[in-house]
Amino acid sequence: MIKALKNKYALSDQGAKDLLKGIIYSVLANISLMFPVILLAIVLNQLLAPVLGTNAPEISAIVYTVIGIVILAVVFIFHYCQYTATYLGTYDESARRRIGLAEKLRTLPLTFFHQRDLADLTSTIMGDCANFEHAFSHTVPQFFGAVISTGIVCIGLLIFNWQMGLALLWVAPISFAIVILSRKCQEKLSKKHMNTRLELAEGIQECLETVQDIKACNQEEDYLRKLDAKMDAAEKAQISSEMTTASLLTTGQMFLRLGLATVIVVGNSLVVNGDTSLFTYILFLIAASRLYDPLSGAMANMAELFSVQLQVNRLKEIENYPEETGEKEIRTNGYDITFDHVRFSYEKGKPVLRDVSFTAKQGQVTALVGPSGGGKSTVAKLAAKFYPLDGGRILLGGTDIAPLNSTMLMKNYSIVFQDVVLFNNTIMENIRVGKKDATDEEVIAAAKAAQCDEFISKLSDGYQTVIGENGSTLSGGEAQRLSIARALLKDAPVILLDEATASLDPETEVNVLKAVRSLPSKPTCIIITHRPSALNICNRIMKLEKGHLRQVSRESILEVANELV
């Protein structure tokens, strides 16, 4: 049972145990609510005995009071146990799920993050986990508890009087069938609603990230009009999904109430014909008023379960994604990077690199130049094993990087992209990301080498200045220099600079490249640039165009520089 719950809902071992415990207490709590019904029937039977001329056991009011208090105590205890097992267990599992999801994401290969949209991942981590928490605290245990407890009570009623039992219960299978048969329709509408919500989330995120460009291009009205259309689509999909579910659910619940009418009709007939007692008739009338409520709740929970299953599947998709594997022992003979007949494409049939071969030597700066879209950034990402190859090999110090563990491989790399990532922290701590145990003196030395010290010294708090989210208080060139300082501090044997000096002036760019060349580790440096000023300090220049690579001779540098201007 625990294994089945674990596989069905992607729970941890403890989560499955807590869910089973919640279901058991839900069953007991629902059954305990039938005790007052039985007591009420016994009281009515005793009160009506003189009128009907039947014999009923004489029980004093004190005894009834004591029994009533005991029943209330039992009901309270079972409901308290249900609450603690269901809610507290669910919240603990929710915490484990979020931590487990974060740990899982940490072990996934980089290709996963390039395949998934950021808004989609954010929705899964935040929205799906929240829906999961609500479902397993308010829906799942209550559903199974209602179904099992009602089943137990129904068996007891059928044994007590099968005719009245059938009159009471015949509507239940039909009502549940109405909800169950509509499952595919509900899942289709729920999926559509989810897709429109993701599109809306992507639109809002894009709007916030590009608000400066939108304003600069005077496109606010046009963009907001498109965003409004996405909001309307999401709202329409949600209304359609909820209206369809509510209509089918209400139909099933209305049909369920027909059982009370059949109990009255059949009960009257049986009492008149002397086939059953008035006590039995009253007992089933009271049971009908009490039994249909948990069945109605179970149908409502069932409809919500259909919707929640979509979120569970999305969470399971991440949990079942193959984790990063590979050799953790990395042995290399130096740190030359060799591309050996590399072929690569993001989409099948659309090659980006076609039979690319070259070697970037350790201690040298290798420049990749060429028109935009030629595959230069792809070369840098493949050198760091961001994607699997279509063909060929990439070697680091003579060792093929394909079977190596990417996390361990990254210890040998410092990578600076054109899109800088900084944290809402001090300048000192942002640079220290490159080497967590670095001293303040080492951080300052790296900052000076990256030409940061001049602008940092002008800030009111110097290296203790908090730079805002993603360096919002800095200029583009200042942010790039901080990211370069971070890479210099790490002093990795391989440095990849993808347009990392694009926002720097030519003199600063040359000084930064000189600092790279003078690092103690004598790193292998690959720089992607459109700046002619950088070429003179590079040891080797490779031109990449339409997926093909050729080396540029020293005699042709001027020609290439003119092409870049």
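Which residues does L168 touch, not counting residues up to four places away in sequence?

A: The model is predicted, so local features need pLDDT of at least 70 and side-chain atom pairs count only at pLDDT 80 or more, while totals for chains, interfaces and linings use all residues. Residues are numbered from 1 along each chain as its sequence is written, and side-chain values use heavy atoms, with hydrogens and water left out.

With residues up to four places away in sequence set aside, L168 touches L157, G259, V263, F284, A288, L291 and Y292; contact here means heavy atoms within 4.5 Å. L168 also belongs to the largest nonpolar core, where L168, Y9, L19 and F136 have the most contacts inside a set of 57 residues. Helix 14 (residues 278-319) gives this core its largest share, 19 residues. A second, separate core has 44 residues, including A479, A487, I495 and I541.

Some terms need their cut-offs. A nonpolar core is a set of buried Ala, Val, Leu, Ile, Met, Phe, Trp, Tyr and Cys residues joined through side-chain atoms within 4.5 Å. Buried means under 20% relative accessible area, exposed over 50%, and partly exposed in between, for a 1.4 Å probe and protein chains only. Helices (H or I, at least four residues) and strands (E, at least two) are DSSP runs, numbered from the N terminus. In soluble globular proteins, nonpolar side chains tend to be buried together.

In strand 7 (residues 494-498), 5 of its 5 residues are buried. V494, L496 and D498 point one way, and I495 and L497 the other way. In a regular strand the side chains alternate between the two faces of the sheet.

Strand 7 has pairing partners, where two strands pair if DSSP finds at least two bridges between them. Strand 6 (residues 413-416) runs parallel to strand 7 and is joined to it by 4 bridges; Y413 has V494 as its bridge partner. Strand 8 (residues 524-528) also runs parallel to strand 7, with 5 bridges between them, and L497 has I527 as its bridge partner.

Strand 7, helix 21 (residues 506-517) and strand 8 form a right-handed β-α-β unit. Right-handed means that, with the strands pointing away from the viewer, the path from the first strand over the helix to the second runs clockwise.
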